[in-house]
Amino acid sequence: MKNVFVLRSPIVHLAWPLLLLRAPVLLGAVDFEKEVWPILVEHCHSCHGPEKQNGGLRLDNKADAFKPGDSGDLAIVPRSSDTSLLVTLVRSHDESDRMPKRADALSPAQVELLRRWVDEGAVWKQDSQPVKSGKTEMVVTDKDRQYWAFRPLQTIVPPKVQNETGPKTPIDLFILAALESKGLAPSPRISRSQEVRRLTYNLTGLPPTPEETAAYEKDTSGNAYEELVSRLLGSPHYGEKRGRMWLDVARYADSDGFEADYDRPSATAIL
Ligand code: HEC
């Protein structure tokens, strides 16, 4: 009750017209830095910023943002949202024109903010630092130099193990030592048919033939394993398997794989 009385006091009545006069400023005036800039950072700078200037437009600093883009038109025409490409394009219902490109449309509230900002005069007032170019000079720190691949080679004595008969190479000693330290023992040895199967799959991506399996099982000469590895490394299928990985890295596909899904008859299409 007391509050109601206060509101009705003559002083408040007198203040009302003043408040109304101030209203457009209090309610309007979009704050560029707080309201517009974050939209540009999140939705536009990846294509209109320091790295890329699609459509010849850069929206990360005032000087560039007010220059015409490739269309020859201005993105931002102060006090004229209808002729500002920036507003026209974020509003567009035609997906091929609409900005941000290849992304969800801005929300109606964001579009309205941009429109109001332009119609209020597009004041680009910024206290924060302009976006820095992504290209900074590369600095190699001491920590970087500690990366294992950059350290000089040195002789390392393999660790001691209990089961000295198991390991075949010095590398096995490291693995076995770690297993033993955890009270674990290596898995039992696989059969010879499993061995030829795993190796053949591993190196060629294909299973061994029954004859190859039988021959390997029978071969009790000391270097059957080494010979098998040499044979597989010499097989054209080894090259095919490695080549396929390279094609993955080069993003080869048998077809274009998108809207126009045409076949690509040869790998040379991507070279
Ligand atoms: C994924 C990339 C991408 C993003 C993100 C993006 N644009 Fe674009 N923009 C383009 C490309 C590409 C063009 C060139 C015209 C075309 O291909 O439609 C363009 C052109 C424009 C143009 C016309 C420039 C001219 O004069 O030709 C304006 C204005 C524009 N964008 C505003 C924006 C705004 C505002 C945002 C953020 C809300 C935005 N764009 C986000 C890619 C993008």
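A crossing is left-handed if the near helix is turned anticlockwise from the far one by less than a right angle, and right-handed if clockwise. The model is predicted: local features need pLDDT of at least 70, side-chain atom pairs count only at pLDDT 80 or more, and totals for chains, interfaces and linings use all residues. Residues are numbered from 1 along each chain as its sequence is written.

**Overall fold**

- The protein chain has 12 helices and 0 strands, where helices (H or I, at least four residues) and strands (E, at least two) are DSSP runs numbered from the N terminus.
- Along the sequence the pattern reads α-α-α-α-α-α-α-α-α-α-α-α.
- Of the 271 residues in the protein chain, 12% are buried; a residue is buried if 20 or more other C-beta atoms lie within 10 Å of its own, exposed if 12 or fewer, and partly exposed in between, with C-beta atoms placed from the backbone.
- Residues at least 24 apart account for 43% of the contacts between residues at least 6 apart in sequence; two residues are in contact if their C-beta atoms, placed from the backbone, lie within 7 Å.

**Ligand shell**

- The shell around the ligand holds 24 residues, of which C44, C47, G55, G69 and M99 come nearest; a residue is near a molecule if its C-beta atom, placed from the backbone, lies within 6 Å of it.
- Helix α5 (residues 85-91) supplies the largest share of this shell, with 4 residues.
- By class, the shell has 12 nonpolar, 8 polar and 4 charged residues; Ala, Val, Leu, Ile, Met, Phe, Trp, Tyr, Cys and Pro count as nonpolar, Asp, Glu, Lys and Arg as charged, and the others, Gly among them, as polar.
- M99, one of the residues that come nearest to the ligand, is joined to P100 by a cis peptide bond with omega of about -5°.
- P100 sits in the loop between α5 and α6.

**Helix pair α3 and α6**

- The axes of helix α3 (residues 32-43) and helix α6 (residues 108-119) come within 10 Å and cross at roughly 120°; axes are lines fitted to C-alpha atoms, for helices over the stretch in contact, and angles run from 0 to 180 degrees between N-to-C directions.
- The two helices are therefore oblique to each other, since angles under 35 degrees count as roughly parallel, over 145 as roughly antiparallel, 65 to 115 as roughly perpendicular and the rest as oblique.
- α3 and α6 make a left-handed crossing.
- F32, E35, V36 and I39 of α3 make the contact with Q110, L113, L114 and W117 of α6.
- This contact of α3 with α6 consists of 6 nonpolar, 1 polar and 1 charged residues.

**Helix pair α9 and α10**

- Helix α9 (residues 192-204) and helix α10 (residues 210-218) have axes that come within 9 Å and cross at roughly 130°.
- α9 and α10 are therefore oblique to each other, and their crossing is right-handed.
- In α9, R192, S193, V196 and R197 meet E212, T213, Y216 and E217 in α10.
- The contact of α9 with α10 has 2 nonpolar, 2 polar and 4 charged residues.

**Positive phi outside glycine**

- R79 is not a glycine, yet has a positive phi of about 70°.
- R79 lies in the loop between α4 (62-65) and α5 and is exposed, with 11 other C-beta atoms within 10 Å.
- A122, also a residue other than glycine, has a positive phi near 50°.
- A122 lies in the loop between α6 and α7 (142-145) and is buried, with 24 other C-beta atoms within 10 Å.
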